[in-house]
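We'll start with a sheet, then go looking for pockets.

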Amino acid sequence: MSDDQGSIDAGCYGATVIKTAATDALANQGVRFTQYYSAAPVCSPSRAGLLTGCYPWRVGMPGNGSGPPSEEHDNLATYTGSGLPVGGFTMPGMFQKAGYATAHIGKWHLGVGVGCQPLQQGFDYSFGFMGGCIDNYSHFNYWGGPNRHDLWENGERVHRPGEFFPDLMVEKAESFIDSHRDKPFFMYFAINVPHYPYQGDSKWIEYYNERQVPYPRNLYAAWVSTLDDRLAQLMKYLDDTGLRENTIVVYQADNGYSTEQRAHHGGGSSGKYRGAKFSIYEGGTRLPAIISWPGHLPAGEVRSQVAHGCDWLPTLAEICDVPVDSQAKLNGRSLLKVIQSADASTPHDAVCWQFQQQWAVRQGPWKLMRDPQTHDGTTAPALVDGHWFLANIDDDPSESTNLASSHPELVEKLKQVYQREAAQ
């Protein structure tokens with residue numbers, strides 16, 4: 001899972017400046033989705049949807065989780081706080097119960113209280129940071145003061161000052177795979193790139209500066225290519241160990257690119273889609289997603305059916321023949337038929353989103369939004385009655401025209417669809 005990656009910010013998604021050879025190769029070895037939606041337009045709820053298969057507000061994560069523990073704590077054994085519900089059904093828990101070794105490596109941001117931590121949510125091993133973002137060399141929380149160190153291994157604070165966090169992630173991932181290569185394993189590799197702070201490899205900073213890529217896209221592009229290099233290292237490791245043909249790899253972004261001050265007010269791109277991180281317009285949630293399993297799933301193919309961040313749990317359960325808890329009321333649906341055939345229908349009648357005062361529902365080509373915000377610096381068409389925006393996404397993926405006033409019956413119908421879908 002990449003972090004704050006724009007809708008088109010990979011070569012296989014249309015980026016003409018950013019170099020992403022490993023991501024493009026993964027797409028050539030698998031199935032690439034063009035209407036894939038994350039579960040939310042911001043970090044924590046998107047991750048909650050992925051790991052639980054449920055809309056994030058249904059599992060207590062409607063918005064971002066808390067920051068890291070304070071400095072007086074060197075372990076998380078007694079730390080209190082909220083986050084993912086204790087004892088809930090999760091993807092790592094599902095695989096763990098089926099006999100898989102499970103690992104979380106990278107960003108967590110789903111709560112640090114007892115019961116909410118990675119080792120209590122189905123992971124056998126955890127390495128990374130608990131909050132929303134860190135400096136990649138000092139591993140201190142990258143927010144306002146007081147600065148807090150945020151690097152943990154299996155619930156214990158660890159210090160690796162001066163070592164580049166994406167490299168530490170690859171190191172820990174390879175070590176985990178090597179230790180469990182003779183049995184099934186599930187790894188959640190949640191890299192914190194291209195989330196700010198932009199700290200790309202010097203070779204990539206020089207590369208984009210030499211080509212006079214304007215600021216801040218030069219910094220962002222270098223950061224994305226730095227991510228792509230780490231993906232290349234992981235894929236090479238799977239090849240070198242002979243595990244690639246027996247390993248399913250899923251790639252997705254968590255939400256759209258950031259325009260926050262710490263992100264230099266931008267650098268990423270949603271292409272033709274309106275919106276960015278924090279927005280329920282397409283650019284906040286319509287993102288890169290790829291699944292690859294050479295020799296078992298189609299290769300070099302594209303799917304335009306609607307898919308959702310909650311879908312990976314039931315999809316991987318079906319592919320791996322792993323049972324899903326019969327008591328789990330998932331919002332996700334298996335995408336296996338879609339992956340296997342471009343002619344299959346989306347498994348969703350409708351999907352929806354909530355974030356702060358914004359909400360949206362998509363059914364077929366129609367998308368209704370209440371109180372949407374762009375967060376990309378653009379001005380959207382006026383909302384009808386001060387609240388409503390209706391678009392036909394098939395005809396108008398840029399959400400350039402508000403059809404709410406000309407289709408009042410659809411507005412009312414989709415309000416009801418949202419109420420039904422959001423409550424399930």
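Two strands count as paired if DSSP finds at least two bridges between them. Helices (H or I, at least four residues) and strands (E, at least two) are DSSP runs, numbered from the N terminus. This is a predicted model, where local features need pLDDT of at least 70 and side-chain atom pairs count only at pLDDT 80 or more, while totals for chains, interfaces and linings use all residues. Residues are numbered from 1 along each chain as its sequence is written, and side-chain values use heavy atoms, leaving out hydrogens and water.

Now find the open sheet: 4 strands in the order β12-β13-β14-β15, with antiparallel pairing. β12 (351-355) and β15 (388-392) are at the edges with a single partner strand each, so one side of each has no neighbour in the sheet. Zoom in on β14 (residues 366-370), which 5 bridges join to β15. There, L368 sits opposite L390 in β15.

On to the pockets. A pocket is an open set of points on a 1 Å grid over the protein atoms alone, where a 1.4 Å probe fits and protein lies on both sides within 12 Å along at least five of seven lines; lining residues have an atom within 4 Å of a point. The largest pocket is lined by 37 residues, and M187, T247, I248, V249 and V250 lie nearest its centre. Which helix gives the most to this lining? That's α6, with 6 residues.

The second largest pocket has F89, G93, M94, K97, A98, V322, P323, V324 and D325 as its lining.
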